[in-house]
Amino acid sequence: MVGTEYEHWHEGTDIFAEHGTPLVAAEDGVIAKVTSGGVLGGNSLRIVGASGYTHYYAHLAGFADGMTDGRQVKAGELVGFV
């Protein structure tokens, strides 16, 4: 949002999919943050992977059951829905 505290460079790669498409974790990791209805990303997840990279999944239709901050996830595990 230009001119607000949220203004930033877009650093991600947007991947489009049909509404309700299952979303899986890209690698083993820990959920760092679950956000419902956030200002920029709406429903979103941040997963810190075993590699040290943070994976940010935004604009989700919903979350898989049990997705909470601090939860460990495995690569390929269902974490939410597009």
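Reader: Is Ser44 buried or exposed?
Author: In this predicted model, Ser44 is found in strand S3. Leaving aside neighbours within four places in sequence, Ser44 is in contact with several residues, including Val34, Tyr56, Leu60 and Phe63. Its relative accessible area is 6%, and the cut-off for buried is under 20%. Ser44 is therefore buried.

Reader: In which order do the four strands of the open sheet lie?
Author: Strand S2 (residues 29-38) and strand S3 (residues 42-49) run antiparallel and are joined by seven bridges. The edge strands, each pairing on one side only, are S4 (54-57) and S6 (72-73). The order is S4-S3-S2-S6.

Reader: Which residue in S3 is the bridge partner of Gly38?
Author: S2 covers residues 29-38 and S3 covers residues 42-49. The bridge partner of Gly38 in S3 is Gly42.

Reader: How many residues make up the largest nonpolar core?
Author: In soluble globular proteins, nonpolar side chains tend to be buried together. Among the members of this core are Ala25, Ile47, Tyr57, Val73 and Val79. Ala25 touches Ile47, Tyr57, Val73 and Val79, among others. The number of residues in the core is eleven.

Reader: How many residues apart in sequence are the parts that Asp28 and Lys74 tie together?
Author: The side chains of Asp28 and Lys74 meet in a salt bridge, at 4.0 Å from N to O. Asp28 lies in the loop between S1 and S2, and Lys74 in the loop between S6 and S7, so the pair ties together parts that are 46 residues apart.

Reader: Which residue meets Glu77 in a salt bridge?
Author: The whole structure has two salt bridges. In the one with Glu77, the N to O distance is 2.7 Å. The partner, partly exposed at 28% relative accessibility, is Arg71.

How values were computed:
Residues numbered from 1 in each chain as written. Predicted model: local features only at pLDDT ≥ 70, side-chain atom pairs only at ≥ 80, totals over all residues. Heavy atoms only, no water. Pairing = 2+ DSSP bridges. Helix = DSSP H or I, 4+ residues; strand = E, 2+ residues; numbered from the N terminus. Buried < 20%, exposed > 50% of the residue type's maximum accessible area, 1.4 Å probe, protein only. Contact = heavy atoms within 4.5 Å. Core = buried A, V, L, I, M, F, W, Y, C linked by side-chain atoms within 4.5 Å.
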